[in-house]
Amino acid sequence: MDWNLQTLSLLSIPLISALVGWGTNYLAVKMMFYPLKFVGIPPIFGWQGLIPAKRKEMAEIEVELVLGKLLSVEELANRLEPEALTKAIEHRLHQVVRKIVNEVMESSAPTVWAALPVQGKNLVYRRIEDDIPYLVAKMVEDFQHNVNEILDIKELVVEQLVNSPELINEIFLRSGEKEFPFIVQSGFYFGFLFGLPTMALWYFYQEWWILPLGGLLVGYATNWIAIKIIFEPKQPIRFAGLTIQGMFLKRQTEVSRVYADIIEQKLINPKNITHMILHGSGSAQLLELIELHVNDAIERYVAIAQPYFALGVGSENYFKMKSMAVKRLFEDSDKYLYYAFDYANEALRVGDDLCERMQALSSEEFEGVLRPAYQQDEWKLIVTGAILGMAAGFAQLYLMMLG
């Protein structure tokens with residue numbers, strides 16, 4: 001009976017080693033992504049997922065390594081065609097402009113506007129509406145020439161990812177949807193293999209340190225090997241009819257599609273671009289651009305009525321009218337730009353172009369899509385796995401002693 005118990009205890013070593021490998025790898029993957037916010041006593045006693053904790057740095061890396069090299073803001077802006085954009089927003093813009101004209105005139109020239117018959121007001125509306133395609137075309141042209149001052153793509157990406165830690169997780173989890181489960185599963189198999197020499201060593205030398213050391217090595221090695229297999233070798237190697245290459249790199253075509261779709265749907269889309277243009281650091285430049293063209297348009301609209309219009313309104317109210325028109329057109333811009341989102345999605349083609357260009361990257365460049373952002377912290381996962389493995393080894397030693 002004692003011999004049978006001893007044999008079972010001995011045979012349990014590789015099995016427990018396999019469970020340790022699985023468990024440490026499982027925890028390592030979870031610790032990469034969770035919790036989203038720091039739990040514990042900051043800054044040392046506690047934990048936050050490595051990727052959510054470094055999302056700002058990761059966002060900057062993504063912009064520099066991927067978006068900065070593969071897609072330029074100028075290129076995207078130049079894909080917008082004024083005629084198509086005008087057609088997309090025209091109906092809603094006409095409604096917004098009529099409302100703005102009424103409010104501006106009632107505020108700055110109430111007597112003149114009230115005295116104008118309906119037919120006269122309709123002529124004003126029609127004159128402005130006929131001029132909208134020209135106005136939009138000139139504004140789009142200036143926007144394209146000054147897009148880097150108006151739209152900071154780095155600010156857009158960083159803001160979105162910093163405010164949405166779950167989004168940075170989604171990028172990594174979906175792009176590595178086959179690699180991360182492999183890390184967990186491989187821990188079991190590698191753990192079992194590493195447990196065999198530990199079992200043999202324990203059979204001949206039952207020293208107390210063997211099981212904790214074996215657990216430490218299992219926890220360390222299973223994490224280290226799993227990460228290496230994902231990214232190494234970078235270049236495909238032919239061996240015995242098989243192609244050996246890092247799992248992530250081998251799926252470059254598939255990962256590129258998934259990654260590009262997320263970027264297009266969640267980050268660089270018309271909604272986020274519009275928000276950044278209107279509320280980001282370049283919004284003042286956009287306001288200046290609108291002011292330039294709206295003032296020019298107003299001068300043209302009232303040119304025929306000058307100087308009678310200026311005399312009727314007064315120079316102070318005339319200035320107020322132009323200022324208010326610019327302000328309202330800027331403030332209400334989201335009301336009509338919303339209708340351009342479908343057109344902009346088709347025109348920008350962010351997902352398709354980004355996917356195509358990522359697929360054309362070399363293996364070394366493609367590795368830079370995801371790994372550099374957390375590579376410097378990989379050692380934390382490996383060391384954590386080693387510590388947990390050693391703890392499991394001590395627990396196994398205790399059970400052996402009880403047996």
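Predicted model: local features only at pLDDT ≥ 70, side-chain atom pairs only at ≥ 80, totals over all residues.

Residues are numbered from 1 along each chain as its sequence is written, and side-chain values use heavy atoms, with hydrogens and water left out.

The structure holds 18 salt bridges. A salt bridge here is a side-chain nitrogen of Lys or Arg within 4 Å of a carboxyl oxygen of Asp or Glu. Helices are DSSP runs of H or I with at least four residues, strands are E runs of at least two, and both are numbered from the N terminus. Buried means under 20% relative accessible area, exposed over 50%, and partly exposed in between (1.4 Å probe, protein chains only).

**R79 and D353**

- R79 pairs with D353 in a salt bridge, with the closest N and O atoms 2.3 Å apart.
- R79 sits in the loop between α4 (73–77) and α5 (82–108), and D353 sits in helix α21 (residues 350–359), so the pair ties together parts 274 residues apart in sequence.
- Both R79 and D353 are buried.

**R98 and E129**

- A salt bridge joins R98 to E129, and the closest N and O atoms are 2.8 Å apart.
- This pair links distant parts of the chain: R98 belongs to helix α5 and E129 to helix α7 (residues 118–145), 31 residues apart.
- R98 has 34% relative accessibility, so R98 counts as partly exposed.
- E129 has 14% relative accessibility, so E129 counts as buried.

**D352 and R257**

- D352 and R257 meet through their side chains in a salt bridge (3.4 Å, N to O).
- D352 lies in helix α21 and R257 in helix α14 (residues 252–267), so the pair ties together parts 95 residues apart in sequence.
- D352 counts as partly exposed because its relative accessibility is 48%.
- R257 also counts as partly exposed, at 30% relative accessibility.

**Shared partners**

- E75, R79, D353 and R357 form one network, joined by salt bridges that share partners.

- Q119 is placed in helix α7.
- Relative accessibility is 58% at Q119, so Q119 counts as exposed.
- From C-alpha to C-alpha, Q119 and G385 are 80 Å apart in space, and they are 266 residues apart in sequence.
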